[in-house]
Amino acid sequence: MRTYFYYSLFGLAMGATLSMAGLSDYTQIHSLFILENIPLLLVFALAIGMNMVGFMILSRNKKTPKKKLTKGTISGSILFGIGWALTGACPSIALVQLGEGKIAALATVAGILAGVWFYRRATSSALKFDTGICGEE
Amino acid sequence: MELYLPWWITGTALSVITLGFYIALNRPLGVSGSWARIVLWKNDKVIKEAEAPFQNNPKLFEDALMAATIEEFGEETVLEYMQSRHKSDDTTPVKPLTRSVSPNRSPWTAHLVFLIMLVLGGMLGAYLRGDLHIQATLGELHTSLFGSGIGSLMMLFFGGIMVGFGTQMAGGCTSGHGLSGFSRLAPASIIATITFFGTAIAFSTAAHYLG
């Protein structure tokens, strides 16, 4: 029950924060990608900077597992980068857009679902390079 | 357009969320992983069934481990190792097994709740900004870059496939590689974050100035 509570809490907080930052606004994110919206880049930079300090403190006494570089890291990230530019959405933003009433995001969400499904199908049969599931390393 | 909160407030909030998530759930935040767990929901059942006998009987797990070790290295090597352990004064205590086979897994339904709450979070955010309403258009900049109408919906769908496939292949997305991996200084995450940001910037900039 505790698990569900925390997933709900952080999901809601994250969705609201992304929305209020403007990261789910097509115009805002596209203007970031053509480098005309530096404040939006600062949202991300500040969060990473603060997290660096936070994780340093949190992992003082224990080793935290880190993601490993795989064959898919760079090619997958290139694919994701193009997809992000085309849709203005990453896996969480597409859902936030949907909640905000941007109905076109339905197409993005359907695409993401199909993409994840294709990848998992492909790795279970043809391509033998499972790159793990994010958050469970 | 001062619709949005200043960057230092939302940046701080995102950091608090990443760290809070890590403290509360003892795992790094990663949205693409939640998508995978939902798509692979059937695996939860298979794993649960496979684990069931071991959960009730830890001895069975030790036996299975030993059997697998013998199969991998051969009986002789294993026997030799056991004897050498006995002979030498190797008294290093063997760490007791405290966790089940798959640690740190939450049920797929928890991930589903997480994604649904992201949708509701978007709704809440838009409401607080006073901008919650059905929007059919994608904005001028999007239209100038990638067109409008049915064609742009197709593009969103195919772009979505690239986002889904790409993030699974890369092992993470903006939250997993970016917010939680980059800041723990994982080389793979730093490379991934620079690659997807760089690609998106290069692609959009090219579309903007060449298109």
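## Domains of chain A

The C-alpha centres of domain 1 of chain A and domain 2 of chain A lie 18 Å apart. Domain 1 spans 1–64 and domain 2 spans 68–137, with bounds from an automatic or database domain assignment. This is a predicted model, in which local features need pLDDT of at least 70, side-chain atom pairs count only at pLDDT 80 or more, and totals for chains, interfaces and linings use all residues. Residues are numbered from 1 along each chain as its sequence is written, while chains are lettered from A and ligands numbered from 1 in the order in which they are written.

Between the domains, 10 residues of domain 1 are in contact with 8 residues of domain 2; contact requires C-beta atoms, placed from the backbone, within 7 Å. On the domain 1 side, α1 (2–21) and α2 (26–33) of chain A each give two or more residues. Helices here are DSSP runs (H or I, at least four residues), numbered from the N terminus.

## Interface between chains A and B

Contacts link 109 residues of chain B with 97 residues of chain A. Among the elements giving two or more residues to the chain B side are α1 (7–25), α8 (150–170) and α10 (187–210) of chain B. The largest share, 17 residues, comes from α8(B).

## Nonpolar core

The largest nonpolar core has 84 residues, of which V43(A), F80(A), W84(A), A94(A), L95(A) and L118(B) touch the most other members. Domain 1 and domain 2 of chain A each supply at least three residues to this core. Leaving aside neighbours within four places in sequence, A94(A) is in contact with residues including A105(A), V109(A) and G160(B).

Such a core joins buried Ala, Val, Leu, Ile, Met, Phe, Trp, Tyr and Cys residues through C-beta atoms within 7 Å; buried denotes 20 or more other C-beta atoms within 10 Å of the residue's own, with C-beta atoms placed from the backbone.

Definitions and conventions: Contact = placed C-beta atoms within 7 Å. Buried ≥ 20, exposed ≤ 12 C-beta atoms within 10 Å, placed from the backbone.
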